[in-house]
Amino acid sequence: MDIKPVLLLVDDEPRILRSLSMVFKNNYHILTAESAADALRLMKINKVHVILSDQRMPGMTGSELLKKVKANYPETIRLLLTGYSELNAIINSINEGEVFRFISKPWSKSKLIETVGKAAQIAIDLEKDRSHKKTVTSVPVNNVIPNFMVLDKEKNTHDLIKKIVGDKASVFYETTVGEAIDTLSRENVAILISDLKLGEQDITAQISMLKQLNPALVIIVMTEFTDTNTLVDLINHGQIYRFLPKPARKGLLVQSLNSAIKNYRSIIQSSVLAEKMTGDELDSKQKQRVPEKVINKIRSLRKKIKKSAEIA
Amino acid sequence: MLLSNNEYNNLLSLPVTYDGRVLGIISRYQLMNVFMKRFGRDLFGKKRVEELMNFQPLILKVDASIENASQYVTQNMSFPITEDFILTENGKYRGMGAVLDLLRIMEGSVERKNQTLSKTLKHLKNSQSQLLQSEKMASLGQMVAGVAHEINTPLGYVKSNVENLNEVLQQIRGFIKNCDLLARTTTPEAKETDKYLALKNISNSSLMKESLQTYSLLEDVEDIFNDTLYGIDQISELVMSLKDFSRMDKARVDNVDLNDCINNSLIIAKNTLKYKVEVVKELSDLPQIRCSPSQINQVFLNLFTNAAQAIEKQGKILIKSYSENNSVFVVVEDNGKGIPASYVSKIFDPFFTTKEIGKGTGMGLSISYKIIKDHGGVIKVASRQGVGTRFVIKLPLMAEMKMVG
């Protein structure tokens, strides 16, 4: 085995640090910090593959820390430990911290080991990918404006996005998941802007399925009201890119669309990033919430993708 | 409307009309003066009705409501009642109405109104107790969430530690098994190959593989045991304080030391306080007072969480207690954002809140006020914006206490 990946653990409770260190110390090089400030100091002098931080800490919270890590060390994969936390902290760690997974307290050991392992693997792959890229000159793709899809019962959302995008790209408009899948299989759509509810129907689990079907799809969720559990699911299973409250502020939406385009460009340049974007499989309870019709559609589409991959 | 045309017997008076227009009213009383008095008939009998009648009778429109009618009649009638009232429609005479009938109807409607009123009162009382209940539930929910989070942290590492220890135990078990095998090979009849196999197993076991770590692993185990016990102590302390706080297993009214109530409520509020508030306690020895500790705890918890919410970033809460002149005083002072002067007089009013929707019911302080009042005490507030807020509670040593629900 090559070098051990570096795992930085951050929690204001030293006993948590000790316990987690013991779980990981055989397979990782462990760094620990009892505050966000300490963590940032450690990151200055160490290359960190994965950071696992508690949310509630005196001084700087976990989501604030991850925001700084995302800005200064984007190659470090970010995990947040949450007990009982406020909605805002969760939203911020999605939008500003681009957190990879939320891990709820008390954690399940096997699940934790699996998640940290996944994060570390991605960090290492990305590292290799980057050093590989340095030698091969990368193809400029900067002028590609990808296509959008709006999945929402309210036409206003579509009109607003259309107005922002203009004629530079297509904006498809769908009001059911079934139709959305049809269009996704026909057209080249890169960015999906979706509500969580279509009329009475909750499509949270279906959004996660769409993402698993097409890991490169950049998803922006725009909805009126939601709870922390839904958001945690959307990250852990759906790897959504942004969460915006409705009604959307135009400035925020423009900003999110722009960074979604940038994100899309880096995804198509790196197969590792696309892989990173996949969420965990839905559990059976979540799958039950997806209508049969949609599951069948996804299944046939998956076959199609496989076939085209084989031909290529 | 009442038209008493068929009940002339009840009428005290007769209308005087011309061409449908009402000219006036003449009463039995007036007529009796004419016909029953000595010489009455001779003196007045030839006179025109005009000279005896009342030119300003009580006139009501036919479509007037009973309420308006009775208001008009009671305001304008003369005593003793000698006249009825006249009903008109479009200015034309329609009939007569008896004052007494009207009053009887009014009595009935007052009765009905009373019934509705007492129904409404009952309804209001119900919804008030529902509100008290929902405030209780809201603060209970807040408390449970806080304590759950408090328990979550030790629970997290205790669970993880036990899993770690289990793993270590498996390793040690394997190690011992191999040692056992090795021990058996010390007999003279043991085969060389068995000896070799046992030694190989031991040197390959995960414990020996990292032989340098064996010592540190055992050291870890010691640490982990200590941490686990510490965590379990933390959890039991929280559970104890929850028990003390709710006092489900104790008398509702008891002799208690308010300092105990303060400390208990502080543990319950710990989750709200610990990241942004430095708590400074200046508690003097207090005589025990007779009170309902669960209610007093509720007041303290309310004051502590309010103080924490008033502090935006980092701040301080000072809690003082002392006894003086047969009273016990508790002061809770924060250096938070303070209350605007125009709000200070309203903060004990039910439903008054400046918190966001969903963050407060506006009932907390009004319930606290009621609890302290029912204990024969006083709660007062002083606040300055940008400086902080101070609550002072004064409770009598010997209280005549009213119990609240």
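Good morning. I shall begin with chain B, where the C-alpha centres of domain 1 of chain B and domain 3 of chain B lie 70 Å apart. Please bear in mind throughout that this is a predicted model. The domain assignment divides chain B into domain 1, residues 8–97, domain 2, residues 133–245, and domain 3, residues 249–396.

Let me now turn to chain A. What does the domain assignment give for chain A? There are two entries: domain 1 of chain A covers residues 6–135, and domain 2 of chain A covers residues 147–311. Between the C-alpha centres of these two domains of chain A, the distance is 26 Å.

I come next to chain A as a whole. Its secondary structure consists of 13 helices and 12 strands. The radius of gyration of chain A is 20 Å, and the globule rule gives 20 Å for 312 residues; the two values are close, so chain A is as compact as a globular protein of that length. Along the principal axes, the C-alpha atoms of chain A fill a box of roughly 50 × 45 × 40 Å.

What share of chain A counts as buried? Of its 312 residues, the figure is 42%. As for contacts in chain A with a separation of 6 or more, 66% of them join residues 24 or more positions apart.

Finally, let us consider how the two chains meet. The contact between them takes 16 residues from chain A and 20 residues from chain B. Which element of chain A provides the largest share of the side that touches chain B? That element is helix α1 of chain A, residues 14–24, with seven residues. By class, the side of chain A that touches chain B comprises eight nonpolar, two polar and six charged residues.

Thank you for your attention.

Methods
Residues numbered from 1 in each chain as written. Chains lettered and ligands numbered in written order. Predicted model: local features only at pLDDT ≥ 70, side-chain atom pairs only at ≥ 80, totals over all residues. Domains from an automatic or database assignment. Contact = placed C-beta atoms within 7 Å. Helix = DSSP H or I, 4+ residues; strand = E, 2+ residues; numbered from the N terminus. Nonpolar A, V, L, I, M, F, W, Y, C, P; charged D, E, K, R; others polar. Rg over C-alpha atoms; globule rule 2.2 N^0.38 Å. Buried ≥ 20, exposed ≤ 12 C-beta atoms within 10 Å, placed from the backbone.
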